[in-house]
Amino acid sequence: GGIFSFLKGWLTSLAADGIARRLKIELYDHLNHLPSRHHDRNDTGDLVQRCTSDVETTRQFLSSQVMEIGNSVVLMATALPLMLALSPKMTALSFALIGPIIAYGYFYFRSVRYIFKHVDEAEGALTGVIQENLTGVRVVRAFARQDHEREKFSGPNARYRDQSIRMIRLM
């Protein structure tokens, strides 16, 4: 069992990393072919964040949750006949609870998606401030504006922290 668990985890990680790599390449290629006005309208930090953090979130989902979904389906397909053989009444009662669980999951994931969107936007703004600062670091130093840049950074950093804490509480 341990060997198969190791192989499952290793192969799943390899597949997820390969998919994430292809996503990054396709996203990078797509960004390079977008018209200039698209780059003028969108914040560079948000685009960088989409190429890194969003792809990483997708990779984590693929490496962990897809296998869990598969395991659940297989478990249910094997457990259902056994449950029916043991007690049809208890099986019916168990499956009657699936509706409320699905409803709860639907509302839960709607709220998670809403909060995740805010975390994503806050992270994009934070990345934009960092990218802008690093691009102009020589100018910042030349005019001794480090304190100003630190203050400029603290607002988006606090918003990102607050949104992340909201998401952690909900999770």
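Visitor: What is the mean pLDDT of the protein chain?
Guide: The mean is 88, and 100% of the residues reach 70 or more, where pLDDT is the predictor's confidence in each residue, from 0 to 100. In this predicted model, local features need pLDDT of at least 70, side-chain atom pairs count only at pLDDT 80 or more, and totals for chains, interfaces and linings use all residues. Residues are numbered from 1 along each chain as its sequence is written, and side-chain values use heavy atoms, with hydrogens and water left out.

Visitor: And where is confidence lowest and highest?
Guide: Confidence is lowest in helix H2 (residues 36-41), at a mean of 84, and highest in helix H7 (residues 146-170), at 92; helices here are DSSP runs (H or I, at least four residues), numbered from the N terminus.

Visitor: Changing topic, where is Ala144, and is it buried or exposed?
Guide: Ala144 sits in the loop between helix H6 (137-142) and H7, and it counts as exposed because its relative accessible area is 57%, given that buried means under 20%, exposed over 50% and partly exposed in between (1.4 Å probe, protein chains only).

Visitor: What about the phi of Ala144?
Guide: Phi of Ala144 is near 50°, a positive value in a residue other than glycine. Most residues other than glycine have a negative phi.

Visitor: And which helix holds Pro81?
Guide: Pro81 belongs to helix H3, and with 48% relative accessibility it counts as partly exposed. The C-alpha atoms of Pro81 and Arg22 are separated by 41 Å, the two residues being 59 residues apart along the chain.

Notes: Helix = DSSP H or I, 4+ residues; strand = E, 2+ residues; numbered from the N terminus.
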